[in-house]
Amino acid sequence: MTITVGILKRIKSGVFVSELSFQTSRSGGPGGQNVNKVETKVQLNFDINVSPNLSENEKITLFVKLKNKITEEGILQFTAQEKRSQLLNKEIVIKKFHDGLRKAFEQKKIRKSTKPRKGAIEKRLKSKKVNAEKKANRGWKRD
């Protein structure tokens with residue numbers, strides 16, 4: 001599986017970080033009484049339509065591959081609430097975003113069809129013949 005080199009360079013250079021917007025809210029999960037007071041859940045929003053760092057083909061690819069994470073307005077959303085810290089959740093959600101982009105632009109390896117080897121074909125036919133003889137010899141025959 002290969003990834004388009006251009007998009008990989010842009011992800012590593014961090015050009016998308018300036019286009020991201022974050023929203024925080026109260027999170028479920030671990031944290032005790034802290035859960036009810038502190039907004040640790042982080043939601044990342046990325047507006048695909050207005051991104052200057054994506055070509056039209058790349059935008060279409062994102063809409064097709066990540067359609068479950070895109071709102072009707074064309075905003076790509078990721079959330080993180082695994083940790084008790086807002087900062088850690090922000091780092092996690094940025095990593096999720098980068099992983100999502102990488103996965104969307106991954107090109108699947110084309111499968112080459114292969115023929116079975118001659119020895120494998122002979123082995124299969126021999127085992128079929130042995131099984132057929134074994135089954136033919138079962139039971140009793142009437143005279």
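Is Glu 58 buried or exposed? Glu 58 is buried, at 12% relative accessibility. Buried means under 20% relative accessible area, exposed over 50%, and partly exposed in between (1.4 Å probe, protein chains only).

## About the model

This is a predicted model: local features need pLDDT of at least 70, side-chain atom pairs count only at pLDDT 80 or more, and totals for chains, interfaces and linings use all residues. Residues are numbered from 1 along each chain as its sequence is written, and side-chain values use heavy atoms, without hydrogens and water.

Side chains of opposite charge can pair when their charged atoms come close. The structure has five salt bridges (a side-chain nitrogen of Lys or Arg within 4 Å of a carboxyl oxygen of Asp or Glu).

One of them joins Arg 10 and Glu 58, at 2.5 Å from N to O. Arg 10 sits in helix α1 (residues 5–13) and Glu 58 in helix α2 (residues 56–65), 48 residues apart. Helices (H or I, at least four residues) and strands (E, at least two) are DSSP runs, numbered from the N terminus. Arg 10 is partly exposed, at 22%.

Lys 96 and Glu 82 also pair, at 3.3 Å from N to O. Lys 96 belongs to helix α3 (residues 86–104), while Glu 82 lies in the loop between β4 (75–80) and α3. Lys 96 is partly exposed at 30%. Glu 82 is partly exposed at 43%.

## Within helix α3

Lys 95 forms a salt bridge with Asp 99, with the closest N and O atoms 3.1 Å apart. Both lie in helix α3, four residues apart, about one turn of the helix. Lys 95 is exposed at 52%; Asp 99 is partly exposed at 34%. A network of salt bridges links Lys 95, Asp 99 and Arg 102.
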